[in-house]
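These are my notebook entries on a structure that is new to me.

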Amino acid sequence: MTTKRRNSILGHAAHTPVGRSMGYDEALFSLAHEYAAEYMEAVSGRRVTPAPEDVEALRNFDEPIPDEPAKPLETLRKLHRFGSPGTMAQTGGRYFGFVNGGLLPEALASRWLIDSWDQNTALEVMSPVGSRLEQVSQKWFVDLLGLPRQTVAGFTNGTSAALLCCLTAARHALLERQGWDVSAQGLHGAPRIRVLGNRHSHAAVLRALQVLGLGTNHFEPLQTDDQGRILLSALPQLDENTLLLTQAGDVNSGSFDPLRELGERAQEANAWMHVDGAFGLWAAASRNTCHLTDGVELANSWSVDAHKTLNGPYECGIALCRERDVLVKALKTDASYFTSGEKRDGMAFTLDMSRRARGAELWATLHTLGRSGVEALVDHLCGMARRLSRTLRELGFVVPNDVVFNQVMVKTSDGSDLGAIMGELQRSGECWCGGSRWLGEPVIRVSICSHATTEADIDRAAAAFDAARRRVVES
Ligand SMILES: Cc1ncc(COP(=O)(O)O)c(C=O)c1O
């Protein structure tokens, strides 16, 4: 940096927004509130994808870092002017991509308040409220999902991180049984862990194996039926060196592994069973879907998100482990400046140290919904998925999966170009769905994951499928 430029920056230090008390900046927060309200009011009616000119306008962010502080409110104005139109309307009712959850207004409002606290929930001494609300959320969560009472939860930024925590615990326990302390000795010369699992296991599961040194080449994929459920007849003899990876909710078909039978086999053999239930574990919270997770309590660990089915704010994943000491030991870290609280130090259960008060957000979401609200939400998503699959079938599309939860896969029966139909659909802005492959064939996958989706949204989406197919056939 040139001396002239450095002086120019230092010369303006008096105008920088530092060294003043936090206080409440009425103009700033009112403007943020006004913009957020404008966004929320418009989101259900607008096109789901940003218009091409709005994507093009994002180039307004491509500039060198300003030398001088921005004028008050200018940052917000710019963010709203160019940022808001460049979003995907994920909080509206017609975004069906990936498994991206919607957002409950009450959860968002609580997050605004919680964000103003700006707590770091690594240790209890850093945030008594963060620690307490993690503890309460853990209890509610374990209760809602029917997990063993002593189960502990670590609050992560998503299921990928939750998987890492859970599988770190599994690796630790399985090697410890063989007299190997993986924390101290690492994997050099370590005894073998046998890793088996659903052949459709999510990419995040395979990445966890990759990162943990268990190696994707050593993963033994288990045969599944046409819905993607592990075939019990394909399950080999398990033993106490086995890690069994199962799913509650396949990312494409939404199917659930036969958890009771698998759990019983795993327990008999003293194997470690993990259930990846990023969105599907919530089936346990509804009387109409809890048969899908029957036996889930037999596992040793579980990974799930609050930002998918529960419609809490991004980012909130939960790592759950039946044995507290195993998880804590596997993730153990220490430094002379850490001051352990008497109650709950959140960082003992995750790979992060500094973290937002995710437990508080989860508490607020569960408190708002209550047991019946969570059930109604799960039922709503499943009901909307069934409505869409029914309508699409009536329109002549093929839905190759049993719609047991919130996932719908779509194919054509007349051989018309599915990729082209998906492209038309995405460009229409009427709804957004992505593509995938199922049993070797391309599919459009629809994930109904927002409380905001109405019957009218579903019917509009079905009409958009129909129109997209017509345009492709005609062209
Ligand atoms: C079954 C399953 N597992 C894991 C993940 C990864 O979750 P996250 O995106 O929260 O890391 C997903 C994401 O959709 C999923 O559906």
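**Entry 1**

I started with Asn311, which sits in the loop between β6 and β7. The model is predicted, so local features need pLDDT of at least 70 and side-chain atom pairs count only at pLDDT 80 or more, while totals for chains, interfaces and linings use all residues. I number residues from 1 along each chain as its sequence is written, and side-chain values use heavy atoms, with hydrogens and water left out.

I looked up Asn311 for its phi, which is near 60°, a positive value in a residue other than glycine. Most residues other than glycine have a negative phi, and most peptide bonds are trans. Is Asn311 buried or exposed? Asn311 counts as buried, at 0% relative accessibility. I use buried for under 20% relative accessible area, exposed for over 50% and partly exposed for in between, with a 1.4 Å probe and protein chains only.

The loop between β6 (301–305) and β7 (317–321) also holds Glu315. A cis peptide bond joins Tyr314 to Glu315, with omega at about 0°.

I noted a positive phi at Leu439 too, about 50°, although Leu439 is not a glycine. Its place is the loop between β10 (434–438) and β11 (441–447). Leu439 is partly exposed, at 46% relative accessible area.

**Entry 2: two threonines**

Thr156 belongs to strand β1 (residues 152–156). It is buried, with 1% relative accessibility. A polar atom of the Thr156 side chain lies 2.7 Å from the backbone oxygen of Gly158. I count a polar contact as a pair of N or O atoms within 3.5 Å; within protein, one must be able to donate a hydrogen and the other to accept it, and residues adjacent in sequence count only if both atoms are side-chain atoms.

Which residues does Thr156 contact, leaving aside neighbours within four places in sequence? Among them are Cys165, Glu315, Cys316, Thr350 and Asp352. Contact means heavy atoms within 4.5 Å.

From there I went to Thr350, in the loop between α11 (324–330) and α12 (358–394). Thr350 is buried as well, with a relative accessible area of 3%. Its side chain has a polar atom 3.1 Å from the backbone oxygen of Asp352. Not counting residues up to four places away in sequence, Thr350 touches Gly154, Phe155, Thr156, Cys165, Leu331 and Arg355.

**Entry 3: the ligand**

I found 14 residues around the ligand, the closest being Thr159, Ser160, Asp276, Asp305 and Lys308. A residue is listed if one of its heavy atoms lies within 4 Å of the molecule. A polar side-chain atom of Asp276 is 2.6 Å from a nitrogen atom of the ligand. For Asp305, an N or O atom of the side chain is 2.6 Å from a ligand oxygen. For His307, the corresponding distance to an oxygen atom of the ligand is 3.2 Å.

**Entry 4: pockets and a cavity**

I searched on a 1 Å grid over the protein atoms alone: a cavity is a set of points where a 1.4 Å probe fits but cannot get out, a pocket is an open set with protein on both sides within 12 Å along at least five of seven lines, and lining residues have an atom within 4 Å of a point.

The largest pocket holds about 1,300 Å³ of space. It is lined by 39 residues, and the closest to its centre are Ala32, Ala36, Met40, Leu108 and Trp112. The elements that give two or more residues to this lining are α2 (26–43), α4 (74–83) and α5 (105–117). The most comes from α2, with nine residues.

The second largest pocket has a volume of about 470 Å³. Of its 24 lining residues, Arg324, Val328, Asp345, Ala348 and Phe349 are the closest to the centre. Two or more residues of this lining come from each of α6 (128–144) and α11.

How many cavities of 30 Å³ or more are there in the whole structure? The search finds one. The largest cavity is lined by Ala306, Gly312, Pro313, Cys316, Glu361, Leu362 and Thr365. A volume here is the space filled by probe spheres set on the grid points, which are joined across faces, edges and corners.

Key. Helix = DSSP H or I, 4+ residues; strand = E, 2+ residues; numbered from the N terminus.
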